[in-house]
Amino acid sequence: MTTLKVHNIETAPEESKPLLEGSLKAFGMIPGLHGVLASSPQILKAYQTLHELFTNTSFNSEELTVVWQAINVEHACHYCVPAHTGIAGMMKVEEGITESLRNETPLEDAKLEALRTMTLAIVRKRGNVSEEDLEAFYAAGYGEQQVLEIILGLSQKTISNYTNHIAHTPVDAPFQKFAWSKK
C-alpha cells in the first residue's frame, strides 16, 4: 500500500519546519497528520489556520466536538475519530457525547443533536440544505453564524480526512487506544 511521507522537523521542507515546531510546542509532539501535511507548507499552514479559526468560533467544547466528530465519522476517518476522541477527553467533553458520535446514535441533548443533524445535512447534501433543515436548526437555538461556522469546521476536516485517507496516516500513540472503524 502506498502512503505519503510523514515528515519530522529534520525531513520537512524548510517552509514547513517552523510550522512543525509550532505543532511540537502546542501538542508536545508532532501529530502524524501535521507530518504528512508538511510536504506542502501551504496546506499545513492552511490546516493550522483553519483549526485556530474554528476553535475560536461561537461553539463551546461540546459543540466543536459534535461538528468535528460528525464529519470524521461520516468520512470514516481512521485517524481523526481516535484523535478527536482523545481531544474531546482533554476538552472535558462528556464521554457519552463522544460515544454517541462514534457509534452514530442520537445525542441525548436536543440542541447538540440538532447541530449534528445540520452538520451531516451540510456534508451529505454538499451544502444544498433545505429550508426545513435550516428552520429545524434555527428552532434549536442556532443561527446563521453557526451555519457558516459548520462550513468552516468542514473545511478543516476535509483537509484532514481526505489527507488521512490518501496517506494512510498512522494513528498517533496517545490515541491508539481509541481506535475506530466505520460500522
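How many nonpolar, polar and charged residues does the lining of the largest pocket have? By class, the lining has 16 nonpolar, nine polar and three charged residues. Here Ala, Val, Leu, Ile, Met, Phe, Trp, Tyr, Cys and Pro count as nonpolar, Asp, Glu, Lys and Arg as charged, and the others, Gly among them, as polar.

A word on the source before we go on. This is a predicted model, in which local features need pLDDT of at least 70 and side-chain atom pairs count only at pLDDT 80 or more, while totals for chains, interfaces and linings use all residues. Residues are numbered from 1 along each chain as its sequence is written, and side-chain values use heavy atoms, with hydrogens and water left out.

## The largest pocket

The largest pocket holds about 560 Å³ of space. A pocket is an open set of points, on a 1 Å grid over the protein atoms alone, with protein on both sides within 12 Å along at least five of seven lines; lining residues have an atom within 4 Å of a point. Grid points are joined across faces, edges and corners, and a volume is the space filled by probe spheres set on the points.

In the largest pocket, 28 residues form the lining, and Phe 27, Pro 31, His 34, His 51 and Ile 87 lie nearest its centre. Two or more lining residues come from each of helix 1 (17-27), helix 2 (32-37), helix 3 (41-55), helix 5 (80-90) and helix 9 (144-167). Helix 3 gives the most, with six residues. Helices (H or I, at least four residues) are DSSP runs, numbered from the N terminus.

## How the helices pack

Axes are lines fitted to C-alpha atoms, for helices over the stretch in contact, and angles run from 0 to 180 degrees between N-to-C directions.

| Helix pair | Axis distance | Angle |
|---|---|---|
| Helix 4 (residues 61-74) and helix 7 (residues 110-124) | within 9 Å | roughly 40° |
| Helix 3 and helix 4 | within 11 Å | roughly 140° |
| Helix 7 and helix 9 | 10 Å | about 60° |

With axes crossing at roughly 140°, helix 3 is oblique to helix 4. Angles under 35 degrees count as roughly parallel, over 145 as roughly antiparallel, 65 to 115 as roughly perpendicular and the rest as oblique. His 51, Phe 54 and Thr 55 of helix 3 make the contact (heavy atoms within 4.5 Å) with Leu 64, Val 67 and Trp 68 of helix 4. That contact has four nonpolar, two polar and no charged residues.

Helix 7 and helix 9 are likewise oblique to each other. Leu 115, Met 118, Thr 119, Ile 122 and Val 123 in helix 7 meet Val 147, Ile 150, Ile 151 and Leu 154 in helix 9.

Where does helix 4 meet helix 7? Glu 62, Glu 63, Val 66, Val 67, Ala 70, Ile 71 and Glu 74 in helix 4 meet Lys 111, Leu 112, Leu 115, Arg 116, Thr 119, Leu 120, Val 123 and Arg 124 in helix 7. By class, these residues divide into eight nonpolar, one polar and six charged.

## The cavity

The structure holds one cavity of 30 Å³ or more; a cavity is a set of points where a 1.4 Å probe fits but cannot get out. About 50 Å³ of space lies in the largest cavity. Its lining is formed by Ala 70, Val 73, Glu 74, Leu 101, Glu 104, Arg 116, Leu 120 and Arg 124. Helix 4 and helix 7 are the elements that give two or more residues to this lining, which divides into four nonpolar, no polar and four charged residues.
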